[in-house]
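This report describes one protein model, going from strands to core, surface and loops.

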Amino acid sequence: MDEQLKENLMGALEQVIDPELGIDIVNIGLVYDVELDDDGLCTVSMTLTTMGCPLAGVLTEQVQLALSDIPEVKDTNVNLVWNPPWSKDRMSRYAKIALGIR
C-alpha cells in the first residue's frame with residue numbers, strides 16, 4: 001500500500017470520534033496500524049482506552065463506516081489489541097491540548 005493511500009485511510013479514521021472524549025480515535029492514539037491487502041480487505045489494529053469499554057461495538061461500526069467511502073476498501077476488519085496497552089503518551093499534541101493534559 002502506498003503512503004498516500006495510507007494517509008487517506010488514516011484521514012478517514014480521524015472522522016471517528018470517541019463519544020466519551022470527543023476527540024478522534026487517531027489523535028487519541030487508539031489506532032496502532034492500518035493495512036490494505038490486494039483484495040481490498042482493510043485491517044485496522046486498534047485498542048481502546050480501557051479493557052471492557054462499553055463503546056467497543058460502536059467504535060468498530062464507526063471505523064467500518066468511515067472506511068467504506070474509500071473506493072479501494074472492499075471490506076474492513078477491526079482487530080482490537082491490548083498490547084501495547086494504551087496510555088496518554090500515545091495521544092497527539094492536539095488531543096492533549098484539547099483535553100487539558102500535560
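Which residue in β2 is the bridge partner of Val34? The partner is Val44. The model is predicted, so local features need pLDDT of at least 70 and side-chain atom pairs count only at pLDDT 80 or more, while totals for chains, interfaces and linings use all residues. Residues are numbered from 1 along each chain as its sequence is written, and side-chain values use heavy atoms, with hydrogens and water left out.

**Strands and pairing**

Helices (H or I, at least four residues) and strands (E, at least two) are DSSP runs numbered from the N terminus. Two strands pair if DSSP finds at least two bridges between them. β1 and β2 run antiparallel and are joined by five bridges. Besides the pair of Val34 and Val44, Leu36 has Cys42 as its bridge partner in β2. The two strands make a hairpin with four residues between them. In that turn, Gly40 has a positive phi of about 90°. Most residues other than glycine have a negative phi, and most peptide bonds are trans.

On β2 there is also pairing with strand β3 (residues 75-80), in the parallel sense and over six bridges. Cys42 stands opposite Thr76 in β3.

**Nonpolar core**

A nonpolar core is a set of buried Ala, Val, Leu, Ile, Met, Phe, Trp, Tyr and Cys residues joined through side-chain atoms within 4.5 Å. Buried means under 20% relative accessible area, exposed over 50%, and partly exposed in between (1.4 Å probe, protein chains only). The largest such core has 29 residues, and those with the most contacts inside it are Leu9, Ile25, Cys42, Val44, Met46, Val63 and Leu67. At least two core residues come from each of α1 (3-13), α2 (25-28), β1 (31-36), β2 and α3. The largest share, five residues, is supplied by α3. In soluble globular proteins, nonpolar side chains tend to be buried together.

Contact means heavy atoms within 4.5 Å. Leaving out residues up to four places away in sequence, Met46 touches Ile25, Leu30, Val31, Tyr32, Val63, Val78, Asn79, Leu80 and Val81.

**Salt bridge and surface patch**

The structure holds one salt bridge, defined as a side-chain nitrogen of Lys or Arg within 4 Å of a carboxyl oxygen of Asp or Glu. The side chains of Asp33 and Lys6 form this bridge, at 3.0 Å from N to O. Asp33 lies in strand β1 and Lys6 in helix α1, so the pair ties together parts that are 27 residues apart in sequence. Side chains of opposite charge can pair when their charged atoms come close.

Met51, Leu80 and Trp82 form a nonpolar patch on the surface, with about 300 Å² of accessible area together. Patches are made of residues with over 30% relative accessible area and no salt bridge, with like charges joined within 9 Å and nonpolar side chains (Val, Leu, Ile, Met, Phe, Trp, Tyr) within 5 Å. Accessible areas come from the Shrake-Rupley method with a 1.4 Å probe, and for residues only the protein chains shown count as cover. Met51 is placed in the loop between β2 (41-46) and α3 (56-67).

The table gives relative accessible areas for selected residues.

| Residue | Relative accessible area | Class |
|---|---|---|
| Met51 | 65% | exposed |
| Asp33 | 25% | partly exposed |
| Lys6 | 26% | partly exposed |
| Ala98 | 46% | partly exposed |
| Ala95 | 0% | buried |
| Asp24 | 7% | buried |

Ala95 lies in helix α4, and Ala98 lies in helix α4. Ala95 and Gly22 are 73 residues apart in sequence, with 9.6 Å between their C-alpha atoms. For Ala98 and Gly22, 76 residues apart along the chain, the C-alpha separation is 9.2 Å. Not counting residues up to four places away in sequence, Ala95 touches Ile23, Asn27 and Ile28.

Asp24 sits in the loop between α1 and α2. Its C-alpha is 5.2 Å from that of Glu14, 10 residues away in sequence. Contacts of Asp24, again not counting residues up to four places away in sequence, are with Glu14, Val16, Ile17 and Tyr94.

The peptide bond from Asn83 to Pro84 is cis, with omega near 5°. Pro84 belongs to the loop between β3 and α4 (93-99).
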